[in-house]
Amino acid sequence: MSDFLHVLTDHWSLFGEGFGNTVKLFLIAAVGCLILGVLLGAFRVSPIPALRWFGATYVNIVRNTPLTLVFAFLVFAAPKLDVNFDYFTAAAVALTVYTSAFICEVVRSGVNTVAPGQAEAARALGLSFAQVLTEVVLPQALRAMVPPLMSVLIAMLKNTTVAAGFSVVEAGAIPSYMAEFGEPQFYVLLWIVIGFLVLIAPLVVLQRFLERKLAVAR
Amino acid sequence: MGMKRVAVFATAAAFAFTLTACGKEGTPTASGDSNASGAAPVSDTCQSSGTTFTADSAAAVAGSTTFDKIKSAGKVVVGVKFDQPNLGYKDTSGTRCGFDIEIAQYIASKLGVDKAKIEYKEIPSANRETAIKGGEIDYYVGTYSITDKRKADVAFAGPYFVAGQDLLVRKDESAITGKDTLKGKKVCSATGSTPIQRVKDEKLTEPENIVEFKTYSECVSQLLDKKVDAVTTDDAILKGYAAQNPADLKVVGQPFSEEKYGIGLPHDDKALRDFVNNQLEAAFKDGTWKKIYDGTLGKSGSPATTPTLERY
């Protein structure tokens with residue numbers, strides 16, 4: 001048991017740096033993919049065919065591409081085209097691009113839960129498409145969106161570990177360090193699991209809070 | 001709808017394929033164009049040192065459970081690396097070669113196992129202890145530095161090679177001449193590896209200039225793309241890359257550490273450890289070790305000193 005504790009206490013700074021970067025990466029990518037995802041979702045339900053086509057193509061290409069390949073493209077292929085990101089930026093961009101496709105679908109299915117009469121009534125009042133979406137449809141759609149949205153964000157938080165392979169020292173890189181220190185891998189991995197459970201807990205609480213706040217009697 | 005779906009999927013698949021192709025492009029195995037311009041002929045085709053290993057049919061290791069297992073199975077399972085040219089390497093045709101590979105073959109022959117009966121397992125550095133402890137492999141030969149911490153989990157025979165941390169740079173690099181010239185330069189190595197931690201601990205460059213990838217090949221790719229300025233790890237590994245691409249890369253040649261490579265063995269099998277140590281000693285003495293070195297790492301032009309065994 002003391003071995004188990006020592007794995008953490010002897011390498012406090014490594015765990016701190018690792019999980020610190022994981023959180024940073026998550027927060028940046030979360031903001032990025034929520035913005036891009038909602039925008040893409042809006043494209044998919046918009047009255048303009050070109051935008052709908054763009055949204056659908058984006059989702060079908062990006063959602064079907066392994067995340068590792070998105071990373072590899074930004075880190076290994078992009079420099080050959082003279083597009084240079086630093087590694088952290090590349091990781092944030094890769095996660096944002098990838099997760100947006102999933103957020104987009106969450107938004108679209110949320111919008112589909114709102115009765116068509118709502119949008120029709122809003123249009124009849126003379127609201128523009130943007131107003132219909134932001135003032136009438138999305139606020140109601142959010143209720144249905146919360147659980148899948150949180151699932152996507154939790155998945156993204158865990159997906160940050162892919163960045164370890166692309167020069168970002170985050171939680172996923174800790175096992176490599178610990179192996180070099182000769183620490184028992186089993187304990188190391190257990191601590192990483194515990195770390196992620198701790199990080200995910202606030203998201204679960206946030207989900208509960210939002211669900212309660214948005215609940216209506218139907 | 002059905003047709004439309006198929007079309008969309010095909011487009012996505014095509015895109016994914018393009019990405020794969022691009023990703024591969026970034027990994028430099030010996031590349032074709034550098035062969036054309038390079039002074040020395042470069043090839044990623046495996047070439048052995050030409051040393052022949054004859055299986056010792058009378059081999060016996062009294063009291064070794066590992067040996068008993070090898071004998072009854074009629075084969076030996078060896079943990080190796082596969083991406084280190086001239087050290088532990090697998091070429092495109094699947095042939096394995098390099099200094100570590102031949103050391104592994106030599107030991108196998110002394111254990112009475114023919115070269116053809118060696119089963120190679122590619123074990124990443126982080127999983128070496130687990131693989132040895134779990135019995136997944138019989139022994140491990142792959143730039144495995146002997147450390148006291150590791151000795152708690154596994155046993156080491158050797159050292160069979162003494163390496164030192166050095167720097168790999170682009171051929172036209174003149175500013176980097178040793179470890180004290182790295183300030184402001186981007187330095188790449190394997191994630192969490194001892195070399196990169198030394199760079200951090202000794203503050204040889206700024207924290208934001210430290211770059212870490214899973215493999216050295218990826219670091220070399222970034223070096224060739226000018227995204228990093230130096231790759232650092234043991235000189236043995238770096239010379240392998242420099243020899244593959246002599247037109248674009250060179251090793252600085254100022255080692256600043258000492259890494260003793262050992263053969264990783266099951267922790268409690270002292271009989272096997274003594275046996276392997278004896279065989280290594282014999283190889284040092286009868287010239288086998290030197291012949292293996294000259295035919296693999298020695299091709300880089302750097303001489304080697306025969307290591308001294310550290311029995312414990």
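What is the order of the strands in the open sheet of three strands in chain B? The order is S2-S3-S4, with antiparallel pairing.

## Basis of the model

This is a predicted model, in which local features need pLDDT of at least 70, side-chain atom pairs count only at pLDDT 80 or more, and totals for chains, interfaces and linings use all residues. Residues are numbered from 1 along each chain as its sequence is written, while chains are lettered from A and ligands numbered from 1 in the order in which they are written.

The term pLDDT denotes the predictor's confidence in each residue, from 0 to 100. Chain A averages a pLDDT of 92, and 99% of its residues score at least 70. Helices (H or I, at least four residues) and strands (E, at least two) are DSSP runs, numbered from the N terminus.

## Helix packing in chain A

Helix H7 (residues 129-159) of chain A packs against helix H9 (residues 185-214) of chain A at an angle of about 175 degrees, with the axes 10 Å apart. H7(A) is therefore roughly antiparallel to H9(A), a label given to angles over 145 degrees. Angles run from 0 to 180 degrees between N-to-C directions, and axes are lines fitted to C-alpha atoms, for helices over the stretch in contact.

H8(A) also packs against H9(A), at about 150 degrees and with the axes 10 Å apart; these two helices are therefore roughly antiparallel as well. In this contact, A:Ile174, A:Pro175, A:Met178 and A:Ala179 of H8(A) meet A:Gln185, A:Val188, A:Leu189 and A:Ile192 of H9(A). Residues count as being in contact if their C-beta atoms, placed from the backbone, lie within 7 Å.

## Sheets in chain B

Two strands pair if DSSP finds at least two bridges between them. Strand S3 (residues 88-90) of chain B and S4(B) are joined by two bridges in the antiparallel sense, and B:Lys90 stands opposite B:Arg96 in S4(B).

A further open sheet of chain B has five strands in the order S10-S9-S11-S8-S12, with mixed pairing. The twist averages 30 degrees from one strand to the next. Strand S9 (residues 187-190) of chain B runs parallel to S10(B), joined by four bridges, and B:Cys188 has B:Val211 in S10(B) as its bridge partner.

Definitions and conventions:
Parallel < 35°, antiparallel > 145°, perpendicular 65-115°, else oblique. Contact = placed C-beta atoms within 7 Å.
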